[in-house]
Amino acid sequence: MASSSSSSSTQVKKITLKAADGKHFEVEEPVAMEMETVKSFFVGNEDAMKDMVVPLLNVSSEHMPAILDFYRNHSEFRKRTPPPPAEEVKAFNEAFLENKSDEQLMEMIMAANFLNTKELLNFLTEAAANRIKNKSVEYVRAFFGIENDFTPEEEARIRAENEWAFDGLDED
Amino acid sequence: MPHMKKISREGDMGKKDFSLPDDVMIHIFLRFSVKDLSQLRCVCKSWNQLITNQSFVESHINQSTSKACILYHPPGFQPLELGLYSETQDFSLYPETNEFFFAESQTQELSLYFRTGRKPAKIRNPPFATELMDWNIIGSCNGVLCLCSNSDRSLIYMWNPSISKHITLPRPFYKYNIRYLGFGVDHLSGHLDDFKVVTISTNANAEVYSLQKNSWKIIPEGFPPSIELSSCPRDHPVFVKGCVHWCARVSCYLDSKCPWLIVSFDFVDEVFQKIMLPNDLSTSDGAKLLNVVNGCLCVFAAVDEVRSVYELWVMKEYGVVESWTRTCIIEKPDKYWWPLGFTRTGGIFAQGLCVHGDSTLLTYQPDTKTFTCSCFPLNLPHIPIQVLTFVESLVAPIPHLLVL
């Protein structure tokens, strides 16, 4: 199980995950089990052997190394006593997001949602929220690639209704 | 279960279209304030629907409850002053680090300033500000404040300052001689906006207003006979467990011997009820101030006439008289101070004199038994201020029948 000790002398079991584009990743079992989607593949499924390949339909291989890195580090943070200093966690999280484009961030959110892992999803959605905080409506539309489907009259009305909320925006 | 919707990648590759599923968008939206969300409603139709959807409004208020602000104001006085006050964990130690929301009245304008981060943003004045010169806050519930004019208590408003929406209530049938008001929500209706207001007039007539019906209804049996509600200006109606509560006394000839009790109005069944106080409390003559702590009805009871000592009694199990428990005794050497309510971190707000002699908002820590002065001058030191818990919300005080 996920809680089994990984520091024992026996070799850590590996689970093979298959990304959407067919690329295989060998992952230590406790790390793989951090993903609910992978866990539910095995739990209650007597026929599933640990050497079966788990297909991850919505996760591109481009993001797999970063995602696995996140799980490895954060599960280590959680296990460590005393807990790691907040700066260490923060530094890791900041480095994780560095150089990630908005598009990459969105794709990773989709992946985290598919893998059904609360911690990663919370972390990434917060990052997305921070990127659009205090930005104009136009900026947000561009960020998410959303088309404005209001008619000009509808948009004028809804903007007038919420006009008071538009004070103090940052520059795009 | 994981959402199986795939990233939409139709059309040309250069155009990005992420189409995050609704449940992921909700995850992101829940991180925003009401002000941010009001802007995001203008992005597209589906976002507007998602943000105004009842279940989202509910999720948003549930996670905002942990960030509830303390709202204070001096009732029935000019200049109008309303402050929203949000504390960080160490409020009493580092008051200057708190986000502080302050409102003031200049040229009779009622406005709220929310200081979030660097930029103060002004909330639009409610259109009724000029009509309401001397106002009372009857209550705060699900992000909506209920206010009335002090000189004409049949003039009642519900206002959500976060989304700048309000309603002026129709006048009740008995519009004269309204003496007491109570505000709350029918918590069993399943709607966060099923707000109700009850009025009690000097001749014991009672009426209840339902926002959803946008109409008043007379309570046929009226207010219970032989009971006088407390007229202490420091005592405010308290809404908890679906009922609004007042301190009261059984009418009798010898004023000092009339037993105290609590009268409640149940917004679900629309009936008045009596809640007994512990014997010691009901017969002691000291002032009694109702409040709520951790979802329980409680009473600050002055032990002596000079009001230097208060006991805090908590009704641990609602409606069970035997569950009244004295949880703390608060003593301050000087006279004329009184408890106002609770901080979010287990402290108690009080109004009284600070070490340097100014009247101010104080916080009391029950574990260390110490008072701390806030850097919070009360411009009107002798006017009792009111402290309420306020939660930012998207709940609109609008009758459903008007939305349809």
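The dialogue below takes up these features in turn.

A: This is a predicted model, in which local features need pLDDT of at least 70 and side-chain atom pairs count only at pLDDT 80 or more, while totals for chains, interfaces and linings use all residues. Residues are numbered from 1 along each chain as its sequence is written, chains are lettered from A and ligands numbered from 1 in the order in which they are written, and side-chain values use heavy atoms, with hydrogens and water left out.

Q: In what order do the strands of the open three-stranded sheet of chain A stand?

A: Strands of a sheet pair through backbone hydrogen bonds, either parallel or antiparallel. Helices (H or I, at least four residues) and strands (E, at least two) are DSSP runs numbered from the N terminus, and two strands pair if DSSP finds at least two bridges between them. In chain A the order is β2-β1-β3, with mixed pairing. Because β2 (24-28) and β3 (53-55) of chain A stand at the edges with a single partner strand each, one side of each has no neighbour in the sheet. The twist from one strand to the next averages 35°, where axes are lines fitted to C-alpha atoms (for helices over the stretch in contact) and angles run from 0 to 180 degrees between N-to-C directions.

Q: Which residue is the bridge partner of K18(A) in β3(A)?

A: That partner is P55(A); strand β1 (residues 14-18) of chain A pairs with β3(A) in the parallel sense over three bridges. Helix α3(A) lies across β1 and β2 of chain A, running at about 5° to β2(A); contact here means heavy atoms within 4.5 Å.

Q: How is the sheet of chain B arranged?

A: Four strands of chain B form an open sheet in the order β10-β11-β12-β13, and the pairing is antiparallel. Its edge strands are β10 (178-185) and β13 (215-218) of chain B, each pairing on one side only. Between β12 (residues 206-210) of chain B and β13(B) there are four bridges in the antiparallel sense, and Y209(B) has W216(B) as its bridge partner in β13(B). The loop between these two strands of chain B holds N214(B), a residue other than glycine whose phi is positive, near 50°.

Q: Which residue forms a salt bridge with E34(A)?

A: Side chains of opposite charge can pair when their charged atoms come close. The rule for a salt bridge asks for a side-chain nitrogen of Lys or Arg within 4 Å of a carboxyl oxygen of Asp or Glu. E34(A) pairs in this way with R78(A), the closest N and O atoms being 2.8 Å apart. The pair links distant parts of the chain, 44 residues apart, with E34(A) in the loop between α1 (29-32) and α2 (36-42) of chain A and R78(A) in helix α3 (residues 64-79) of chain A.
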